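Thanks for asking me to look this over.

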Amino acid sequence: MQIKTTEITTVSDAPVRVGKIPGENEKVYTRDETEYELREILNSGGGEGTIYKTNLSNGLVAKIYKEGKVTRRKEAKLQFMVSNHLHHEGICFPVDLLYNQRGEFVGYLMPLAKGDTLKNSFFGKPQFLDHFSDWKKYDVVELALTILKKMKYLHDRGIFIGDIKGENILVVDSKEVYFVDTDSYQVGNFPCPVISEEFTPPELIGRKCDSVLRTAGNENFAVATLLFKIVMQGINPYAHVGGGSPLENIQKMNFSFPFGKSNFQTPGGSTGSYYCCWDHLSMKIREAFYNTFSRNGSTNSEFTRPDVNKWIEIFEFYDYYLRNRLSSEDESNKVYPTELRIKKGQGIFCKAGQHYVREKGFSERGRAIGVCRECLGASFENRSYSCKCGNAILYTGFDHYIKRLPVPVNGESECNICNPKSGYITPESRFGKKH
């Protein structure tokens with residue numbers, strides 16, 4: 001079910017007076033008069049409300065809004081979300097509204113989240129080593145895919161997170177994450193009222209979030225920024241020496257990392273770990289980030305940015321490459337590589353990727369035709385292909401250069417499900433038995 005519209009709600013977002021905000025060891029009630037007792041405080045640091053354990057062992061916790069934060073719009077929005085029966089593992093949607101003894105709206109029930117936030121556990125080397133010291137790069141990529149697939153569930157239903165940031169995603173491991181603060185999501189004609197500076201797309205700078213319904217393109221900028229921070233040790237795409245505020249840097253679109261013949265501005269005053277990390281990302285990942293964030297990029301506008309489906313495709317190729325083409329001890333599989341991958345003239349030139357690669361980066365057949373393992377495993381020319389039935393076709397460099405299958409014609413070629421002899425494989429067929 002898609003729940004989206006183009007007109008903002010007219011329900012007032014002004015604070016309403018509440019006679020009593022319940023606290024620890026006090027009782028709250030659902031609409032059907034089920035009684036909950038607020039127990040231990042789990043989190044009181046949020047500006048909006050306090051999270052409490054409850055007396056019932058049903059895996060639900062209570063968010064109680066603070067004084068001055070209760071509004072009619074919040075109540076109407078939560079009623080709308082609950083009535084749509086939203087449920088997805090790891091996304092802490094509101095389950096029911098909560099009222100005080102006077103029947104006044106004060107908060108809501110939601111599933112308990114686990115883990116620590118991305119910001120506290122992932123964005124920075126000390127934090128990362130404290131939580132995930134044994135991780136390889138493919139674990140990082142798997143985490144990104146886990147997050148992307150939850151975002152896809154939301155976007156497929158016309159729901160936008162809006163306030164994407166490291167504080168609103170909790171991580172247990174690469175396959176278990178939790179999305180919190182879902183009451184701020186943009187659903188139906190209820191806008192997301194907040195946004196973090198470093199996740200703000202250029203077209204929204206200077207606009208009031210509570211008076212605009214965001215587009216998929218707006219959200220896609222924040223998605224790309226989060227992915228960049230995940231694979232790049234927590235640094236922002238526009239962090240560089242001599243830069244201004246986050247919003248000033250975003251507006252200039254002076255992307256800090258090179259691709260092809262682009263200029264490179266050293267982020268944070270050091271070429272060390274950040275540049276090494278960038279250098280070891282796959283060419284397709286670097287190209288997608290460059291085109292999204294650079295003022296010279298080909299997909300840098302609100303209407304051309306990659307969506308979650310495209311990022312899932314790119315990251316699944318990357319995941320396959322890291323796990324199946326490299327050893328776990330390869331420098332490119334380190335979360336914090338310390339050496340550059342290869343410099344011009346010091347390796348073998350790959351004609352497909354237009355880059356230099358170490359000799360071990362070529363298979364025997366790939367060496368013979370001048371195409372590295374990475375490009376053989378990646379989508380040919382970083383494009384999407386589809387069967388006439390609508391299924392995606394996984395057409396890689398291997399299919400093009402080794403198998404010599406013709407480039408699929410979207411809407412005309414047949415996948416292996418429609419025609420087992422066609423040679424064109426769907427992603428599900430290729431990756432279905434992975435790991």
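1. Let me start in a loop. Asp 181 falls in the loop that runs between β9 (176-179) and α5 (216-231). Please bear in mind as you read on that this is a predicted model. The phi of Asp 181 is near 55°, which is a positive value in a residue other than glycine. With a relative accessible area of 31%, Asp 181 is partly exposed.

2. A second residue deserves a look for its backbone. Arg 404 is not a glycine, yet its phi is positive, at about 55°. You will find Arg 404 in the loop between α12 and α13. Its relative accessible area is 65%, so Arg 404 counts as exposed.

3. On to a cysteine. Cys 418 lies in the loop between α12 (397-402) and α13 (427-431). Which residues does Cys 418 touch, leaving aside those up to four places away in sequence? They are Cys 387 and Cys 389. Cys 418 has a relative accessible area of 37% and is therefore partly exposed. Between the C-alpha atoms of Cys 418 and Arg 17 there are 62 Å, and these two residues are 401 apart along the chain.

4. Now the helices. Helix α8 (residues 283-293) packs with helix α9 (residues 308-324) at an angle of about 150°, and their axes are 10 Å apart. That angle makes α8 roughly antiparallel to α9, because angles over 145 degrees fall in that class. On the α8 side the contact is made by Lys 284, Ile 285, Ala 288, Phe 289 and Thr 292, and on the α9 side by Trp 311, Ile 314, Phe 315 and Tyr 318. Sorted by class, this contact of α8 with α9 holds seven nonpolar residues, one polar and one charged.

5. Is α8 enclosed or open? Ten of its eleven residues are buried, so α8 is largely enclosed by the rest of the structure. Among the buried residues of α8 are Lys 284, Arg 286 and Asn 291, along with Met 283, Tyr 290 and Phe 293.

6. Tyr 65 belongs to strand β4 (residues 60-65) and Phe 105 to strand β6 (residues 105-111), so the pair ties together parts that are 40 residues apart in sequence. Both Tyr 65 and Phe 105 are buried.

7. Tyr 65 also forms a tilted aromatic pair with Tyr 108, at 6.3 Å centre to centre and with 50° between the planes. This pair, too, links distant parts of the chain, with Tyr 65 in strand β4 and Tyr 108 in strand β6, 43 residues apart. The relative accessibility of Tyr 65 is 1%, while Tyr 108 is buried at 0%.

8. Phe 221, Phe 228, Tyr 238, Phe 255, Phe 257, Trp 278, Phe 289, Tyr 290, Phe 293, Trp 311 and Phe 315 form one aromatic cluster. Of these, Phe 289, Trp 311 and Phe 315 also take part in the contact of α8 with α9. Elsewhere, Lys 125 lies over the face of Tyr 336, at 5.2 Å from the ring centre.

Notes. Residues numbered from 1 in each chain as written. Predicted model: local features only at pLDDT ≥ 70, side-chain atom pairs only at ≥ 80, totals over all residues. Heavy atoms only, no water. Axes fitted to C-alpha atoms, helices over the stretch in contact; angles between N-to-C directions. Helix = DSSP H or I, 4+ residues; strand = E, 2+ residues; numbered from the N terminus. Parallel < 35°, antiparallel > 145°, perpendicular 65-115°, else oblique. Contact = heavy atoms within 4.5 Å. Nonpolar A, V, L, I, M, F, W, Y, C, P; charged D, E, K, R; others polar. Buried < 20%, exposed > 50% of the residue type's maximum accessible area, 1.4 Å probe, protein only. Phe/Tyr/Trp six-rings, centres within 6.5 Å; stacked < 30°, edge-to-face > 60°. Lys NZ or Arg CZ within 6 Å of the ring centre and 35° of its normal.
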